[in-house]
Amino acid sequence: MAFESLSERLSTIFQGLSGKGKLSEDDVNLALKEVRMALLEADVNFKLVKDFVAKVKEKAIGEEVFSSLSPAQTVIKIVKEELTAMMGEENTELKLRPQSEITVLMMVGLQGAGKTTTAAKLAGKFQKMHRKPLLVACDIYRPAAIEQLRVNAEKLSIPFFSLGNQIKPEEIAQRAYEEAKEKGYNLLILDTAGRLQIDDALMQELKRMKAAVPVDWTILTVDAMTGQEAVNVSQSFSEDIGVDGVILTKCDGDTRGGAALSIKAMTGQPILFLGMGEKLSELEPFYPDRMAGRILG
Ligand code: GDP
């Protein structure tokens, strides 16, 4: 990592301060300057940083410095607890219907965010848990997307459904649902089209798809490397079509992951999983406390 970690920075600041007593307002102000910088560097939304710092300040002033902790560690502890709380404490589970019913997941997101890859990752994960997934190609605009999903499905030996690119996505979704009923698949994963930017035609199409089949989870994939843009994208999709959970992809890259904090805090959407690489096995549950640690470095 190119960044200096927050603990390193705070230790430098608090050098010379004895490890006892209460944190004074001056100590806290000094420390929070560093916290603010660390969060901004980690790509946390600046408005959020402001609110967050104010909250931590309130908590930290007058706080006992525990005998086992240094002042720097005490501040870090408070900051970490607050970050974790903001991301929802617990991991949100992607709950499926009972095996006897069909659960429908609809993958949405901008082109290149990792929808197709993540659709296959989810199918693979749930197949291991004895579900019967069907991967459905609903991106009719890019033949390469259909092919990519087919290849990924084949790699995992998961059934694949496509009606080519001449039939409307909502109809493909409906026919896939029928196919699932007939053949006993109980997890329909719809890979939808993306665009380079959000546009109305795409949103209308996604809405028609949601009207055509009983979607249980609309899952937004966003690229963690895009930082603030990831937050804007999440807000737009949430407002326009409704989102039930977010998967943050490319977390294996050189990002501190501030997008995770901003997305949860600004859209209220839970982060379900993190994409940790191009391989189809590289999908991890999202744990707020671990992400808090990563954001702080
Ligand atoms: P889509 O256009 O949203 O369907 O995106 P794709 O699934 O085609 O992914 C775009 C690119 O990102 C591909 O090269 C994927 O291999 C890559 N990708 C997807 N998820 C991850 C991830 O978690 N980590 C990394 N490093 N690459 C990823």
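Residues are numbered from 1 along each chain as its sequence is written, and side-chain values use heavy atoms, with hydrogens and water left out. Because the model is predicted, local features need pLDDT of at least 70 and side-chain atom pairs count only at pLDDT 80 or more, while totals for chains, interfaces and linings use all residues.

## Overall build

The secondary structure comes to 11 helices and 8 strands. These elements are DSSP runs numbered from the N terminus: helices are H or I with at least four residues, and strands are E with at least two. Along the principal axes, the C-alpha atoms fill a box of roughly 70 × 40 × 30 Å. The protein has 297 residues, and 50% of them count as buried. Buried means under 20% relative accessible area, exposed means over 50%, and partly exposed lies in between, with a 1.4 Å probe and protein chains only.

Accessible areas come from the Shrake-Rupley method with a 1.4 Å probe; for residues, only the protein chains shown count as cover. Among contacts (heavy atoms within 4.5 Å) with a separation of 6 or more, 78% join residues 24 or more positions apart.

## Helices H2 and H3

Helix H2 spans residues 25-41, and helix H3 spans residues 46-60. The expected span of a helix is 1.5 Å times one less than its number of residues.

| Helix | Number of residues | First to last C-alpha | Expected span |
|---|---|---|---|
| H2 | 17 residues | 24 Å | 24 Å |
| H3 | 15 residues | 21 Å | 21 Å |

In H2, the buried residues are Asp 27, Val 28, Ala 31, Leu 32, Glu 34, Val 35, Ala 38 and Leu 39. Seen down the axis of H2, these residues fall within an arc of 165°, so they line one face of the helix. The arc is that of the directions from the helix axis to the C-beta atoms. The face turned away from the buried side of H2 carries the exposed residues Asp 26 and Lys 33. Helices H1 (6-13), H3 (46-60), H4 (71-86) and H11 (288-296) pack against the buried residues of H2. Just after H2, Asp 43 has a positive phi of about 75°.

At the start of H3, a side-chain oxygen of Asn 45 comes to within 2.9 Å of the backbone nitrogen of Lys 47. This is a polar contact, a pair of N or O atoms within 3.5 Å; within protein, one must be able to donate a hydrogen and the other to accept it, and residues adjacent in sequence count only if both atoms are side-chain atoms.

Leu 48, Val 49, Phe 52, Val 53, Val 56 and Ala 60 are the buried residues of H3. Their directions fall within an arc of 130° seen down the axis of H3, so they line one face of the helix. On the other side of H3, the exposed residues are Lys 47, Lys 50, Asp 51 and Glu 58. The cover over the buried residues of H3 includes H2, H4 and H10. Just after H3, Gly 62 takes a positive phi of about 85°.

Glu 82 belongs to helix H4. Its relative accessibility is 11%, so Glu 82 counts as buried. Leaving out residues up to four places away in sequence, Glu 82 touches Phe 52, Lys 55, Val 56 and Lys 59.

## Ligand surroundings

A polar backbone atom of Gly 112 is 2.7 Å from an oxygen atom of the ligand. A polar side-chain atom of Thr 116 also lies 2.7 Å from a ligand oxygen atom. On the nitrogen side, a ligand nitrogen atom is 2.7 Å from an N or O atom in the side chain of Asp 252. Taken alone, the ligand exposes 580 Å², of which the protein buries 81%.

## Positive phi in loops

Ser 157, a residue other than glycine, has a positive phi near 55°. Ser 157 lies in the loop between helix H6 (143-155) and strand S3 (160-161), and is exposed, with a relative accessible area of 60%. Lys 250 is not a glycine either, and has a positive phi of about 60°. The loop holding Lys 250 runs between strand S6 (245-249) and helix H10 (258-267). Lys 250 is partly exposed, at a relative accessible area of 33%.
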